[in-house]
Amino acid sequence: MPLALVLALFFVLPLLATAVVSLWDYTEYSLVPDVTARNYREMFEGCASFTLCTTFRTYLSTLKLCLLVWMFTLTIGFTVAYFLAFMVRTETMRTVLFLLCTAPFLTSNVIRMISWIPLLGREGVANRALKSLGIVSQPVEWLLFSEFSVVLAFVHLYTLFVTVPVFNSLMRIDRRLLEAARDAGATGWQTLWHVVVPLAKPGIVIGSIFVIVLVMGDFVTIGVMGGQQIASVGKVIQVQMSYLQFPAAAAQAMVLLALVLGMIVALTKLVDIRREL
Amino acid sequence: MPIHAAGRAPLPRITAPGRARHASCCPGFPQPETLRLETLAPLKLRGAIEFVGVSKRFGATTAVSALDLRIPAGTYCCLLGPSGCGKTTTLRMLAGHEQASDGDILLDNTNVTGLPPARRGTAMMFQSYALFPHLSCLDNVAFSLRMQGVPKPERHARAADMLALVEMDSYAARLPAQLSGGQQQRVALARALVTNPAALLLDEPLSALDPFLRGRVRAELKRFQQRLGISFVHVTHSQDEALALADWVVLMKDGRIEQQGTAMALFDRPRTAFVARFLGGHNVLALPQGQVAVRADRTRLAEGGGYPATLRALEYTGTGFSLSLADATGEELGVLLDEAALAAHPLTPGDQVALTWDAADERPLDPA
């Protein structure tokens with residue numbers, strides 16, 4: 001019961017408040033309690049035409065980032081988890097390497113993000129190295145404040161959120177299954193694809209949910225690493241809030257919430273997470 | 001699980017071990033010629049196994065040392081021994097899941113020592129079966145065919161035939177977790193047999209079953225082996241299993257073969273005290289001329305003098321009484337007694353008794 005109370009107070013209530021405010025009207029200097037579809041209508045204004053409206057373009061840009069980050073975190077996260085689970089022989093070594101993976105979490109998100117800047121900047125370490133090696137003559141511009149740097153920072157920040165659940169799934173796989181696959185003539189890749197990946201699905205789905213939720217709602221990383229130049233839904237909400245357009249921001253948030261929930265539901269259709277936990 | 005009569009005999013066609021055989025797909029599908037083998041060709045025994053000086057070392061420890069073993073084609077062979085005797089390592093070397101450190105392994109006169117598991121013509125049935133939990137029974141059985149690239153309709157048809165052979169066809173769509181232990185065992189058997197191996201390797205196949213089921217499955221395994229005409233190599237630590245099933249028993253100790261032979265030969269003429277004790281049903285007696293073994297059912301209580309022993313316990317077995325005794329050195333001995341004999345001479349634990357036997361039943365043992 002106390003837990004239900006905490007949930008009601010800190011989760012359900014704010015959510016309801018957001019939903020209610022999203023129906024309010026507003027002027028330049030005041031919020032007007034009301035029931036109006038204005039915020040939603042304005043959000044999708046012009047979206048019926050063939051040229052993409054701002055909202056759709058923003059969502060597409062966010063989804064594209066999300067997809068890129070998801071692909072990279074999944075590939076790297078799975079590889080690391082596979083290495084830890086199957087290639088490391090001793091339990092001690094596994095624990096040590098696992099702790100090593102979590103070491104970056106000792107510093108804050110923002111610090112880890114910002115520390116990329118001196119590396120990737122125009123006069124940064126990467127550019128100087130490239131220049132001194134004679135690979136480029138002019139500093140590479142797209143290293144920082146670009147989609148590249150945003151994705152890089154996201155992958156750096158969130159890969160562990162995939163590694164941990166996938167590792168957990170992999171550790172539960174009976175090693176005899178791998179031998180049974182080999183006995184049945186499966187090559188290494190066939191075993192990976194037909195046995196390991198299907199059995200790691202719960203971990204993959206949980207990790208994917210983490211990454212999708214974190215990236216879809218982000219505005220800090222995209223702001224800092226994108227040089228405030230890249231559109232994202234989170235950024236839009238933040239800007240609207242800073243102009244005190246709370247009802248518009250709330251409506252935006254409700255649409256984002258619906259989209260992310262839809263994605264999660266689709267993912268959970270792939271695997272029964274409740275059974276696997 | 002009665003074997004199907006000849007009319008429906010989904011026995012796979014005999015092909016070279018490990019070769020994919022899907023050349024003739026798919027218009028003429030299904031492939032009935034694979035199913036009528038029994039009525040067309042006389043059963044050719046397969047699975048002649050030979051170990052020549054095979055050793056396996058793990059670091060400094062030697063799991064199997066210089067093993068020499070010949071198993072004729074179509075033999076039910078049990079590798080028997082206590083845990084750590086090297087029987088499982090021997091099986092895994094034959095399966096290709098361990099590399100022999102030394103020596104050669106031959107299957108049907110082909111040296112398979114360096115071949116990967118699937119190219120050897122062996123199939124392994126794992127302890128607790130190792131069925132793929134995410135695949136249905138049908139897909140589990142079809143797995144190796146899928147790995148070979150056999151098209152879906154053909155591999156499903158062949159897997160369905162194998163499931164029918166083990167009478168699990170009505171469970172084809174179930175996941176392994178939805179099956180009982182005995183049913184899982186049958187699916188595992190079907191999965192192993194679908195590649196048409198010359199030798200089926202079974203690692204403690206009955207240990208996950210309850211005792212009642214164990215007896216039934218044991219009889220089924222034997223029937224399958226005889227019907228398929230291939231060799232079964234069955235690893236077990238249960239002497240009952242080995243005696244009941246095996247045409248050839250290989251009793252191992254410390255990575256070596258302690259004694260091998262037919263079950264009857266082993267039980268009748270144990271070579272060493274270890275063999276006599278491990279098989280059970282024997283009394284190992286220290287006589288002036290050396291150690292001998294006498295079967296418990298040939299040992300009697302003496303009226304006058306005899307081999308002195310102390311009664312430790314007596315148990316009613318239904319057919320009579322089983323007496324547990326100990327001699328002066330603490331060696332455990334056993335004697336079987338019927339109700340009438342016990343009624344004539346009531347005994348209580350702690351009594352001093354004397355044992356006797358016919359000289360013809362004495363089996364001199366090699367010194368250890």
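Modeller: Please note that this is a predicted model. In chain B, the axes of helix 3 and helix 5 (residues 181-193) come within 7 Å and cross at roughly 25°.

Colleague: How are helix 3 and helix 5 of chain B oriented to each other, parallel or antiparallel?
Modeller: Angles under 35 degrees count as roughly parallel. Helix 3 of chain B and helix 5 of chain B are therefore described as roughly parallel. Their crossing is right-handed.

Colleague: Which residues make that contact?
Modeller: From helix 3 of chain B, they are Cys137(B), Asn140(B), Val141(B) and Phe143(B); from helix 5 of chain B, they are Val187(B), Ala190(B) and Arg191(B). By class, five of the residues in this contact are nonpolar, one is polar and one is charged.

Colleague: And helix 4 of chain B, at what angle does it pack with helix 3?
Modeller: Helix 3 (residues 137-148) and helix 4 (residues 152-165) of chain B pack at about 125°, and their axes are 8 Å apart. Helix 3 of chain B is therefore oblique to helix 4 of chain B. This crossing, too, is right-handed.

Colleague: What residues meet there?
Modeller: On helix 3 of chain B, they are Cys137(B), Leu138(B), Val141(B), Ala142(B), Leu145(B) and Arg146(B). Helix 4 of chain B contributes Arg155(B), His156(B), Arg158(B), Ala159(B), Ala160(B), Met162(B) and Leu163(B). Nine residues of this contact are nonpolar, one is polar and three are charged.

Colleague: Changing topic: in what order do the five strands of the open sheet in chain B run?
Modeller: The order is 13-17-14-15-16, with antiparallel pairing.

Colleague: Which strands stand at the edges?
Modeller: Strand 13 (300-301) and strand 16 (332-337) of chain B do. Each has a single partner strand, so one side of each has no neighbour in the sheet.

Colleague: How many bridges join strand 14 and strand 15 of chain B?
Modeller: Strand 14 (residues 307-316) and strand 15 (residues 321-326) of chain B pair over six bridges, in the antiparallel sense. Leu314(B) stands opposite Leu323(B), which belongs to strand 15 of chain B.

Colleague: Last topic: how many residues of chain A are in contact with chain B?
Modeller: There are 14 residues of chain A in contact with 14 residues of chain B. On the chain A side, helix 9 (175-183) and helix 10 (188-216) each supply at least two residues. Helix 9 of chain A gives the largest share, six residues.

Colleague: What classes do the residues on the chain A side fall into?
Modeller: Seven are nonpolar, two are polar and five are charged on the side of chain A that touches chain B.

Conventions:
Residues numbered from 1 in each chain as written. Chains lettered and ligands numbered in written order. Predicted model: local features only at pLDDT ≥ 70, side-chain atom pairs only at ≥ 80, totals over all residues. Axes fitted to C-alpha atoms, helices over the stretch in contact; angles between N-to-C directions. Helix = DSSP H or I, 4+ residues; strand = E, 2+ residues; numbered from the N terminus. Parallel < 35°, antiparallel > 145°, perpendicular 65-115°, else oblique. Left-handed = near helix turned anticlockwise from the far one by under 90°. Contact = placed C-beta atoms within 7 Å. Nonpolar A, V, L, I, M, F, W, Y, C, P; charged D, E, K, R; others polar. Pairing = 2+ DSSP bridges.
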